[in-house]
Amino acid sequence: MKSQTTLPPGSAATPPGRPPTPAGRRRGEHREVRLFSGLGQVALAVWAVIVIVPILWTFLAAFKNTSEIFSSPWTLPAELRWENFGRAWTKAHVGRYFLNSVFVVSCSTFGTMLFGSMAAYVLARYKFRGNRAIYYLFVSGLAFPVFLALVPLFFVVKNLGLLDTHTGVILVYMAYSLPFTIFFLAAFFRTLPNSVAEAGMIDGCSHTRLFFRVMLPMAKPGLISVAIFNIIGQWAQYQLPLVLLSNAKDKWVLTQGIADISVNAGYEADWSGLFAALTIAILPMIIVYAVFQRQIQSGLTSGAVK
């Protein structure tokens with residue numbers, strides 16, 4: 001007589017031909033979740049190394065001299081040479097380019113957020129003929145690469161008399177930032193409760209006052225998130241100012257100045273000044289993101305939670 005083995009209750013093993021038990025399925029799902037979670041953590045760790053190591057290397061090189069940069073690139077600097085930053089700020093005119101970037105990005109971000117939030121609010125909260133067509137026209141700008149429009153954009157700005165001016169660059173920055181801003185904020189404005197808007201209208205608010213006094217403050221998390229993304233994107237922009245400010249060196253932005261330093265570094269061998277200028281360009285964006293990190297995460301998730 002053959003002996004028959006019995007399986008303990010809740011065992012994941014099942015006789016051939018029978019479907020797995022619920023407990024077995026749960027164990028299999030948990031194993032898959034752990035596997036993908038582990039792979040995701042490994043991918044994030046690799047990505048963090050790829051991003052952080054070059055930035056740290058740039059910061060270290062900013063305090064070295066040229067011989068240290070090439071002879072011992074991965075070691076700490078022998079001393080902190082702050083004169084590299086002074087030389088980059090004055091001799092390479094990074095200070096002027098930095099202030100130009102601050103002015104251009106501040107004005108373009110303010111205009112983008114003002115007009116983008118107004119357009120997104122109307123498209124999200126009001127129903128009228130052509131609403132969807134206008135919305136998709138704005139959103140289609142996300143699929144249009146910048147470099148495809150450089151030649152016609154140059155002639156448009158030139159015909160308007162805005163070539164080699166900060167005004168022309170600011171208007172172009174606003175135009176290219178509006179599609180993403182409207183796409184993001186329109187989805188956010190749709191999540192705001194209608195009861196608040198109705199209460200404001202009953203209290204006698206006009207449409208303009210309702211927007212600026214009631215709805216815009218409620219959309220503050222989304223506004224901060226998209227504003228930070230616009231600041232980072234416009235701060236790092238190089239192609240547009242290269243085309244629109246090519247003949248006005250005193251109005252160059254920071255990316256143009258750093259590119260000019262990198263070209264001159266090949267002849268003057270001032271690599272430490274180049275890395276100091278890169279540090280000056282990178283640090284403000286790291287500080288901005290670190291300060292507003294919680295607001296960015298709140299703005300990205302609040303629309304899904306409501």
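Mentor: Start with Asp164, which has a relative accessibility of 18% and so counts as buried; buried means under 20% relative accessible area, exposed means over 50%, and partly exposed is in between, with a 1.4 Å probe and protein chains only. This is a predicted model, in which local features need pLDDT of at least 70 and side-chain atom pairs count only at pLDDT 80 or more, while totals for chains, interfaces and linings use all residues. Residues are numbered from 1 along each chain as its sequence is written, and side-chain values use heavy atoms, leaving out hydrogens and water.

Asp164 sits in the loop between α6 and α7. Helices are DSSP runs of H or I with at least four residues, strands are runs of E with at least two, and both are numbered from the N terminus. The phi angle of Asp164 is positive, about 60 degrees, although the residue is not a glycine. Most residues other than glycine have a negative phi. His93 also has a positive phi, near 60 degrees, and is not a glycine. His93 lies in the loop between α3 and α4. With a relative accessible area of 33%, His93 is partly exposed.

Now move to Thr165, in the loop between α6 (150-159) and α7 (166-190). Thr165 counts as buried because its relative accessibility is 19%. A polar atom of its side chain lies 2.5 Å from the backbone oxygen of Leu162. The side chain of Thr165 also has a polar atom 3.3 Å from the backbone nitrogen of Gly168. A polar contact is a pair of N or O atoms within 3.5 Å; within protein, one must be able to donate a hydrogen and the other to accept it, and residues adjacent in sequence count only if both atoms are side-chain atoms. Leaving out residues up to four places away in sequence, Thr165 touches Leu244, Leu245 and Lys251, where contact means heavy atoms within 4.5 Å.

Next, the whole chain. The protein has 14 helices and zero strands. Of its 306 residues, 37% count as buried. Among contacts between residues at least 6 apart in sequence, 71% join residues at least 24 apart.

Nonpolar side chains tend to be buried together in soluble globular proteins. A nonpolar core is a set of buried Ala, Val, Leu, Ile, Met, Phe, Trp, Tyr and Cys residues joined through side-chain atoms within 4.5 Å. The largest one here has 35 residues, and Val94 and Leu254 have the most contacts inside it. At least two residues of this core come from each of α3 (83-90), α4 (94-125), α6, α7, α11 (239-244), α12 (254-268) and α13 (271-291). Helix α13 gives the largest share, seven residues. Beyond four places in sequence, Leu254 touches Val94, Tyr97, Phe98, Ser101, Trp235 and Ala281. Apart from this core lies another, of 26 residues, including Ala120, Phe184, Phe188 and Phe189.

Ser117 lies in helix α4. With a relative accessible area of 2%, Ser117 is buried. Its side chain reaches the backbone oxygen of Leu114 at 2.9 Å. Neighbours within four places aside, Ser117 is in contact with Thr112, Leu185, Phe189, Phe211, Leu216 and Leu223. Ser117 and Gly222 are 105 residues apart along the chain, and their C-alpha atoms are separated by 10.0 Å.

Last comes a helix pair. Two packed helices are described by the angle between their axes and the distance between the axes. Helix α8 (residues 194-202) and helix α9 (residues 207-218) pack at about 145 degrees, with axes 10 Å apart. Axes are lines fitted to C-alpha atoms, for helices over the stretch in contact, and angles run from 0 to 180 degrees between N-to-C directions. From α8, the contact is made by Val196, Ala197, Gly200 and Met201; from α9, by His207, Leu210, Val214, Met215 and Met218.

As for cysteines, the structure holds zero disulfides, a disulfide being a pair of cysteine sulfur atoms within 2.5 Å. Cys107 is partly exposed, at 30% relative accessible area, whereas Cys205 counts as buried, at 16% relative accessibility.
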